[in-house]
Amino acid sequence: MASVDQLLQYPAVKADLMLRIKNFFSLQFCVMYKSRNNSNIQRDNTIAKLAAMVMNADKGHTVNLNNPDLAICVEIIKVKGHSLALLRANTVEHLLAATY
């Protein structure tokens, strides 16, 4: 069974997320999770682990589901029997600018 631990074992994935949060103090963030055709990776465990990783950065980061500064988007899909995960973290301003 795949897990978020397996996703975060790749240094590039963890480094990318930590790079995006390192310059922020008191960042408010949310974790958005979407899974298609997959039941191997558990939603609640994934969200909890990512949130804990951000909050443990010791910069006063907190969860804010209604008005976050940063959105961490996790998408899990199953392709040919294998679970693939996409992890993106962008500031809300960057995401809004990309939609216009």
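## Cysteines

In this predicted model, C73 is partly exposed, with a relative accessible area of 24%, whereas C30 counts as buried at 7% relative accessibility. The cysteine sulfur closest to that of C73 belongs to C30, and the 7.0 Å between them is too far for a bond.

A disulfide is a covalent bond between the sulfur atoms of two cysteines. Because a pair of cysteine sulfur atoms must lie within 2.5 Å to be taken as a disulfide, the count comes to 0 disulfides.

## Salt bridges

Side chains of opposite charge can pair when their charged atoms come close, and the structure holds 2 salt bridges. One of them joins R36 to E75, with the closest N and O atoms 2.6 Å apart. R36 lies in strand β1 (residues 28-36) and E75 in strand β3 (residues 70-79), so this pair ties together parts that are 39 residues apart in sequence. R36 is partly exposed, with a relative accessible area of 42%, and E75 is partly exposed as well, at 28%.

A salt bridge also links R43 with D44, where the closest N and O atoms are 3.1 Å apart. Here R43 counts as partly exposed at 46% relative accessibility, while D44 counts as exposed at 57%.

## A nonpolar surface patch

On the surface, M55, V63 and L65 form a nonpolar patch, and together they have about 290 Å² of accessible area. M55 belongs to helix α3, which covers residues 43-55, and this residue is partly exposed, with a relative accessible area of 38%.

Definitions and conventions
Residues are numbered from 1 along each chain as its sequence is written. This is a predicted model: local features need pLDDT of at least 70, side-chain atom pairs count only at pLDDT 80 or more; totals for chains, interfaces and linings use all residues. Side-chain values use heavy atoms; hydrogens and water are left out. Patches are made of residues with over 30% relative accessible area and no salt bridge: like charges are joined within 9 Å, nonpolar side chains (Val, Leu, Ile, Met, Phe, Trp, Tyr) within 5 Å. Accessible areas come from the Shrake-Rupley method with a 1.4 Å probe; for residues, only the protein chains shown count as cover. A salt bridge is a side-chain nitrogen of Lys or Arg within 4 Å of a carboxyl oxygen of Asp or Glu. Helices (H or I, at least four residues) and strands (E, at least two) are DSSP runs, numbered from the N terminus. Buried means under 20% relative accessible area, exposed over 50%, partly exposed in between (1.4 Å probe, protein chains only).
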